Amino acid sequence: MIKKSNLQIKNLRAAIGSTKILNGVSLQINSGETHIIMGPNGSGKSTLLSVLMGNPKYEVTGGSVVFNKKNLLKMSVTERAQAGIFLGFQHPQAIAGVTFGSFLRLAHNFVAKERDSKAVPIAPGPFANLMREEMSKLKMDQTFIGRFVNEGFSGGEKKKSEILQMALLKPSVAFLDEIDSGLDIDALKTVATEVGTIQKEQGLALVIVSHNPKILDFIEPDKIHIMSKGKIVAQGGKEIVAKIERGGYDALLKN
Amino acid sequence: MPVPKKTKKLLDKTGQTDAFSFKTKTKSFFASKRGLNEDVIREISAQKSEPSWMLDLRLNAYKIFLKKKMPAWGPDLSGIDFNNIHYYVRPQDKVKRSWEEVPSEIKDTFDKLGIPEAERKFLAGTGAQFESEMVYHSLAENLAKQGVIFESTDDALKHHPDIFKKYFGTIVPPADNKFSALNSAVWSGGSFIYVPKGVHVELPLQAYFRINSENMGQFERTLIIADEGSSVHYVEGCTAPTYSSDSLHSAVVEIIVKKGARVQYTTIQNWSSNVYNLVTKRAAAYENAHMYWLDCNLGSKVTMKYPSILLCKPGAKGEIQSLAFAGEGQHQDAGGKVIHLSGNTSSTIISKSISKKGGHSTYRGLVKVVPGASKVKTRVVCDALMLDKASRSDTYPVMDIKEQDVAIAHEATVAKIGEDELFYLMSRGLSEEQAATLIVNGFASPIVKQLPMEYAVELNRLLALEMTGSVG
């Protein structure tokens with residue numbers, strides 16, 4: 001049975017040093033929903049996702065975030081991940097000398113144990129099989145298991161590896177930061193289809209930050225949010241995107 | 001503290017039932033001889049019934065030791081009190097150290113590493129025997145059939161005087177430095193290995209298989225001779241912390257790698273944090289010979305160790321790989337030296353250091369190419385990883401190249417564990433400590449994966465242990 005999740009963001013404000021980046025963001029997200037956030041460069045889209053994951057670089061200066069009745073802002077990064085929050089990074093970090101397979105197994109077993117104390121850790125062999133199964137769905141090269149985490153991965157490989165991690169760590173809310181950048185049209189289709197499948201299977205709530213309206217060809221959003229200057233300034237359906245495509249963000253923001 | 005049953009049984013078998021009740025005796029022994037003079041050296045030599053040439057060598061080395069100044073270019077050695085050290089501990093005295101005297105932090109680490117009880121006693125210098133004795137006997141028989149000599153250095157001086165005298169002190173002469181002079185004056189224990197022409201020793205030879213000898217001595221002396229076309233891998237130490245009640249460990253290792261031979265010398269040491277670990281290690285490699293030092297250093301108060309290779313003839317190849325971990329209050333001053341004495345020789349030095357909680361690690365290296373040694377290839381890589389702002393890392397790579405026709409590569413990196421890397425790993429559900437440990441293991445892995453499997457596993461476990469409580 002799929003556990004229902006709910007994330008309520010109210011008037012969230014955040015800064016890096018003395019620079020204010022989020023100026024009061026409010027958003028409600030439920031299991032199974034898909035939200036897409038668009039907006040001009042520097043509008044605070046990536047920061048919003050990073051702050052929700054708990055990046056210590058940013059200081060939360062106001063507002064509240066409640067995740068399944070708990071105060072998310074009081075939780076550490078580790079606790080947020082264990083509670084079911086996932087962030088697909090725009091620029092995933094390379095970790096030299098650590099193989100992708102061993103890292104992901106460690107994380108998987110640790111998270112599984114935290115979520116259910118009776119969970120039995122999966123051994124390297126069976127875990128590699130799980131990875132291979134998911135990797136073939138994402139059309140990834142099988143040698144990934146033995147490669148170092150994100151080291152020398154191409155742009156597309158990095159994005160696929162983020163989705164692979166999401167598939168195996170089984171979050172209930174996933175933030176995907178520009179998951180479509182650096183992907184060619186075939187890879188975008190593969191990734192978007194797989195994200196959709198995972199969402200259906202796991203009842204995932206999705207928040208996708210994107211620059212590219214092309215993603216709407218493959219993912220059907222429940223809501224599209226337009227961010228500008230650290231705030232959500234417009235919300236709607238696909239018709240908003242049509243407007244942007246015609247006149248750019250300027251046309252939309254003038255109204 | 002009662003003696004654990006398993007240990008009691010083992011000690012009963014070996015007639016060492018009283019190994020835990022020598023506390024008063026140990027005390028009286030400790031009160032007796034400290035400090036060094038000619039009489040102490042004469043006594044050491046007499047105890048061992050040595051030939052007169054060795055006594056002369058010791059006495060001469062002692063004179064050199066007195067004349068030589070302390071090295072002033074490196075770590076602070078002012079804490080060494082030469083008058084407060086036992087320079088010779090007779091084997092029969094050695095086993096009488098009581099288990100109660102072993103610091104609790106070391107016992108804890110034994111627990112965490114899951115080291116068998118009997119082995120712990122041995123490693124802590126409180127036990128005389130342990131279970132792998134039988135393994136050693138069958139190994140020794142097999143080696144003897146091939147003409148391989150693998151004995152304690154003391155025994156080898158008695159049993160093989162000719163070959164001993166021919167090579168002893170030729171690679172590291174007493175006058176090399178103050179501590180090689182000290183070692184030459186008071187050496188005791190260590191391993192002697194001779195591998196005959198064309199013989200390949202398949203399994204790594206390990207010092208701790210030599211039971212009842214003094215391989216854990218503080219002034220051990222190791223001499224390895226690999227004859228033409230032979231090969232051998234020697235493993236020194238283990239990941240368990242080596243407890244020493246005295247504060248100075250000063251060993252000398254000499255290796256001769258003859259034409260077409262290959263020697264690998266692997267060290268994993270984890271000294272207790274009161275020890276000054278000052279070691280001189282040098283090898284000479286001849287035509288098409290291959291010398292490989294693999295050196296992993298944890299623990300100690302100060303370690304100064306720069307495994308060296310003299311590349312004497314064309315085709316000789318030298319490799320030095322080292323890993324150092326400097327924790328709180330520790331200074332790891334390590335690196336390597338390669339002297340290209342002949343053309344057409346090649347060398348690689350790879351050094352990695354990790355510092356945490358104010359630990360200080362230094363890479364100190366020398367690559368020297370003498371005039372006329374053309375077509376030399378050398379590559380030096382040193383990487384440092386610091387876990388916090390309080391830690392320190394220095395690099396002193398010296399290149400002394402007196403020849404034009406050479407290929408030299410040098411890379412150095414210094415990195416702090418990055419907030420971004422930690423955030424990425426923690427966003428996958430790992431704790432901060434797990435994330436930092438993973439980064440450290442990844443950093444060390446190019447060196448660790450060169451180790452024999454069981455050591456690699458142990459070292460990774462030990463690195464994880466070092467990381468416990470080091471974050472936050």
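The secondary structure of chain A comprises seven helices and 12 strands. Helices (H or I, at least four residues) and strands (E, at least two) are DSSP runs, numbered from the N terminus. Chain A has a radius of gyration of 18 Å, close to the 18 Å that the globule rule gives for 255 residues, so chain A is as compact as a globular protein of that length. This radius is taken over C-alpha atoms, and the rule is 2.2 Å times the number of residues to the power 0.38.

The model is predicted: local features need pLDDT of at least 70, side-chain atom pairs count only at pLDDT 80 or more, and totals for chains, interfaces and linings use all residues. Residues are numbered from 1 along each chain as its sequence is written, while chains are lettered from A and ligands numbered from 1 in the order in which they are written.

Along the principal axes, the C-alpha atoms of chain A fill a box of roughly 55 × 40 × 40 Å. Of its 255 residues, 43% count as buried. A residue is buried if 20 or more other C-beta atoms lie within 10 Å of its own, exposed if 12 or fewer, and partly exposed in between; C-beta atoms are placed from the backbone.

The largest nonpolar core holds 183 residues. Such a core is a set of buried Ala, Val, Leu, Ile, Met, Phe, Trp, Tyr and Cys residues joined through C-beta atoms within 7 Å. B:I255, B:V257, B:V263 and B:A285 touch the most other members. Helix α13 (residues 432-448) of chain B gives the most to this core, with nine residues. Beyond four places in sequence, the contacts of B:A285 include B:V257, B:I309 and B:L311.

Helix α12 (residues 419-426) of chain B meets α13(B) through B:E421, B:L422, B:L425 and B:M426. Their partners in α13(B) are B:E432, B:A435, B:A436, B:L438 and B:I439. The residues of this contact divide into seven nonpolar, no polar and two charged. Here Ala, Val, Leu, Ile, Met, Phe, Trp, Tyr, Cys and Pro count as nonpolar, Asp, Glu, Lys and Arg as charged, and the others, Gly among them, as polar.

The contact between the chains takes 24 residues from chain A and 18 residues from chain B. On the side of chain A, α3(A) supplies the largest share, six residues. By class, that side has 16 nonpolar, six polar and two charged residues.

Terms used
Two residues are in contact if their C-beta atoms, placed from the backbone, lie within 7 Å.
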